[in-house]
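Please read this briefing alongside the sequence and the three-dimensional structure shown below.

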Amino acid sequence: MLRIEGLNTHYGASHILQGVDLAVPRGRICAVLGRNGVGKTTTVRSIMGLVPPTSGRVLLDGQDIAGWAPHLVARAGVAYVPEGRLIFPDLSVLENIRVGERKPAKVWTVDRLLALFPSLHERAGNRGWQLSGGEQQMLAIARALVSDPRVVLLDEPSQGLAPLVVRELAGVIRTLCAEGVTILLIEQNMKLAEAVADELHIMVKGRIVYGASPEVFRAEEAEIRGRYLTV
Amino acid sequence: MAGRPLSTRGERLFHCSRTPRCGRPVSSESSAVMDILPFLLVQCLNALSQAALLFFLGVGLTLIFGIMRIVNFAHGTFYMFGAFLGYSAVRVTGSFWAGLVLGPMVAGGIGAAFELGLLRRLYKRDDSAFLMVTFGLTLVLGEIIRLVWGVNALQVEVPDALSGIVFLLDEPFPVYRLFLVASGAIVAVGIWQFLERTRLGLLIRATSQNAEMVHALGVDVNLVRSGIFGIGCGLAALGGVLAAPLLSASLGMAGNAIIDAFVIVIIGGMGSFPGSLLAAILVAFVQVFGTYYFPDFAMAAMYLLMLLVLVVRPGGLLGKEA
């Protein structure tokens, strides 16, 4: 579904992504783990076209969308749930969703999303800034889904959320997976990633250095953690 | 009410305002109230008609700032441009109403084209680039206006339907100023409904909060920017067309207008639509009543108001805290 090949991205003189290769198969959840500053967020921002990559390919069902403007990437079927959620603070919950609804949704209609996220249903008229962190995260996911995307980029969804809310979030992500949504999940929270992902990848210094199923990952976890993830 | 001959004015004033009516005993206090009421009404309506013109000026500038985070220095020039376009539209078509439609459309189209052709290339630069380019536009557009229309002030006739006088509490009042009050109210409600109820209005509000996020949600924010720049310039031109019968179209309009527009935007809060409405009304009342009670300080009153607002609420009355 989504395939990244040899992606290089620079911020000015610094070489952030140094040849990222990653494949997210249809209907699967692929998680990318890694320390702060290794290029996880830059990876999704490069896919979205928010930071144009300098070289490499981003293939969406075989079509190379690398370097496209963000709105064209979105229209091609890539939905973006950014780090920090970036809800529109002065728009109501419904208005936030409607910004993402470019044409009437067929699969993820507003009604269905409000049924999936009962807390948003209750707060439909509230402004974005009035929501809790967990509610904002659900809203950011709803705003992405309403475009009926082919693939969803989820950047650090658990950031700043209480453990109970993270558990709820894991349930939501699993529900989406069961509905056939393809997800690229960027996480620092290994528990969440392990709980929901079909594949785990580890990023170090702008490259993907490890990839495995959660079972294999668990068997090798102690060694992997020591080698790639602890500071 | 309309169409009463002006010549009866003094006589009517004398009879109605200065003497108790209908033989009813009226105490001196309430007669003072009777005197002040018509005066207050007329001055308030004057202020509201002034507020309408200021609102047309300020709202476009504040919408543009809210979306694009740039200060459009050429805004006053678009207002002046509107006055001249209105003059020509009236000359060519013979209809003030045609000018009211054509002026803003032409100015708005030129504004949008300017955004598409020039401003768009500068978004990655720093803010001074916008100041330079929009200031350059004031010079170019001002010069084009001088070449096309000449240096003399051009009088625009008030259309017949609006040229009369009405008596309000027996005070005469020009119908045209009432028309200004009404158009201000209609446009304010129109913009409000446009922002609240249309898809483009929603996108404008969202873009003013986080343009990059809107872009990543599949919206071509560059189109939203061109649109809002055109709408803002069109609104300034609408103000110019409406102001022309009062002030006549002249090359001096732009300078005063841009200052008024900045004051409105600063008092109301940069990027706030309701703020621009509130600020226009406040400034107009300060100007009108200031001119009456403290004629020597009338010009300063507006700036004192701005100073006060900046001290108490640096982000403007309804703006985000700066």
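**Briefing on the predicted model**

Chain A holds an open sheet of 6 strands in the order 6-7-8-3-9-10, with mixed pairing. Its edge strands, each pairing on one side only, are strand 6 (78-81) and strand 10 (207-212) of chain A. This is a predicted model, in which local features need pLDDT of at least 70 and side-chain atom pairs count only at pLDDT 80 or more, while totals for chains, interfaces and linings use all residues. Residues are numbered from 1 along each chain as its sequence is written, and chains are lettered from A and ligands numbered from 1 in the order in which they are written. Helices (H or I, at least four residues) and strands (E, at least two) are DSSP runs, numbered from the N terminus, and two strands pair if DSSP finds at least two bridges between them.

**The sheet of chain A**

- Strand 3 (residues 29-33) and strand 8 (residues 182-187) of chain A run parallel and are joined by 5 bridges; A:Cys30 stands opposite A:Leu184 of strand 8.
- Helix 9 (residues 214-229) of chain A packs on the sheet, where it touches strand 3, strand 9 (199-204) and strand 10 of chain A, and its direction makes about 10° with that of strand 9; residues are in contact if their C-beta atoms, placed from the backbone, lie within 7 Å.

**Helices of chain A**

- In helix 1 (residues 40-48) of chain A, 8 of the 9 residues are buried, so this helix is largely enclosed by the rest of the structure; buried means that 20 or more other C-beta atoms lie within 10 Å of a residue's own, exposed that 12 or fewer do, and partly exposed in between, with C-beta atoms placed from the backbone.
- The buried residues of helix 1 of chain A include A:Lys40 and A:Arg45, and just after the helix A:Gly49 takes a positive phi of about 85°.
- Helix 3 (residues 93-100) and helix 6 (residues 133-145) of chain A have axes that come within 7 Å and cross at roughly 35°.
- The residues of this contact between helix 3 and helix 6 of chain A divide into 6 nonpolar, 2 polar and 1 charged, where Ala, Val, Leu, Ile, Met, Phe, Trp, Tyr, Cys and Pro count as nonpolar, Asp, Glu, Lys and Arg as charged, and the others, Gly among them, as polar.

- Chain B has 12 helices and 2 strands, and of its 322 residues 43% count as buried.
- Strand 1 (residues 165-168) and strand 2 (residues 171-174) of chain B pair in the antiparallel sense over 4 bridges; they form a hairpin with 2 residues between them, and B:Leu169 in the turn has a positive phi of about 50°.
- The contact of the two chains takes 20 residues from chain A and 15 residues from chain B, and on the side of chain B that touches chain A the elements giving two or more residues are helix 7 (199-209) and helix 8 (211-216) of chain B.
- The axes of helix 3 of chain A and helix 7 of chain B come within 10 Å and cross at roughly 100°, and the two helices are therefore roughly perpendicular to each other, a term for angles of 65 to 115 degrees, whereas those under 35 count as roughly parallel, those over 145 as roughly antiparallel and the rest as oblique.
- There A:Glu95, A:Arg98 and A:Val99 of helix 3 of chain A meet B:Leu202, B:Leu203 and B:Ala206 of helix 7 of chain B.

How values were computed
Axes fitted to C-alpha atoms, helices over the stretch in contact; angles between N-to-C directions.
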